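Here is a protein model to explore.

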Amino acid sequence: MEAKIKHLEFIQAAINRMAGNSFLLKGWTVTLTGGLLALTFKQIDRRYLYISFVVLLLFWFLDGYYLSRERRFIALYDDVRAKVEEQIDFSMQTRPFGKSCHWIICTVSRTLLLFYGGLLVVHFAITLFL
């Protein structure tokens, strides 16, 4: 049972790293887009708005990628959890779980769509205002 618990701890550490990266991306997104939008209003220059829009999309896709990897590791965790002690091989291979967790699907998941979609709505509102 000790090998199984150790393997699950390795997988959990990877899941925590992915979740931490996602959290940091959201923080950087708000910081950078907020700063660029402030420059847009200060100098009334649309270039900052366009740069902010590109930054928002890039971070959105990157966050979707991390969410897809996190979901793959969660699927691996569930698979290892169900194995018997003799089947534990300490594999961290998530490729077999990739079909159900494609990054494009994760990019339009409810949580990311609410967060980044809300910021996108703000961008469109500012575009109409300027």
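Leaving aside its neighbours within four places in sequence, which residues is Arg72 in contact with? The answer is Thr94, Phe97, Gly98 and Cys101, where contact means heavy atoms within 4.5 Å.

Before going further, a word on what you're looking at. This is a predicted model, in which local features need pLDDT of at least 70 and side-chain atom pairs count only at pLDDT 80 or more, while totals for chains, interfaces and linings use all residues. Residues are numbered from 1 along each chain as its sequence is written, and side-chain values use heavy atoms, with hydrogens and water left out.

**The overall picture**

The protein chain has four helices and zero strands, giving the pattern α-α-α-α when you read along the sequence. Helices (H or I, at least four residues) and strands (E, at least two) are DSSP runs, numbered from the N terminus.

How does the chain fill space? Along the principal axes, its C-alpha atoms fill a box of roughly 65 × 20 × 15 Å. The radius of gyration is 19 Å, whereas a compact globule of 130 residues would have one near 14 Å. That radius is taken over C-alpha atoms, and the globule rule is 2.2 Å times the number of residues to the power 0.38.

Of the 130 residues, 35% count as buried. Buried means under 20% relative accessible area, exposed means over 50%, and partly exposed is in between (1.4 Å probe, protein chains only). The accessible surface of the chain comes to about 8,200 Å², and 67% of that belongs to carbon and sulfur atoms. These areas come from the Shrake-Rupley method with a 1.4 Å probe; for residues, only the protein chains shown count as cover.

Take the contacts between residues at least 6 apart in sequence: 80% of them join residues at least 24 apart.

**Charges and salt bridges**

The chain has 15 positive and 10 negative charges, and their mean positions are 12 Å apart. Here Lys and Arg count as positive and Asp and Glu as negative, with His and the chain ends not counted. The place of a charge is taken as NZ of Lys, CZ of Arg, CG of Asp or CD of Glu.

Side chains of opposite charge can pair when their charged atoms come close. The structure holds four salt bridges, each being a side-chain nitrogen of Lys or Arg within 4 Å of a carboxyl oxygen of Asp or Glu.

| Residue | Partner | Closest N and O atoms |
|---|---|---|
| Asp63 | Lys26 | 2.7 Å |
| Arg81 | Asp78 | 3.7 Å |
| Asp79 | Lys83 | 3.8 Å |

Start with Asp63, which forms a salt bridge with Lys26. This pair links distant parts of the chain, with Asp63 in helix α2 and Lys26 in helix α1, 37 residues apart. Asp63 counts as buried because its relative accessibility is 0%, while Lys26 is partly exposed at 22%.

Arg81 is partly exposed, with a relative accessible area of 47%, and Asp78 counts as partly exposed at 37%. Asp79, the partner of Lys83, is partly exposed too, at 32%.

Now try Glu70, in helix α2 (residues 46–82).

Why does Arg72 count as buried? Because its relative accessible area is 16%. The C-alpha atoms of Arg72 and Gly98 are separated by 6.4 Å, although these residues are 26 apart along the chain.

Leu32 is found in helix α1 (residues 2–43). With a relative accessible area of 32%, Leu32 is partly exposed. Leu32 touches Val55 and Phe59, again not counting residues up to four places away in sequence. Between the C-alpha atoms of Leu32 and Val121, 89 residues apart along the chain, the separation is 16 Å.
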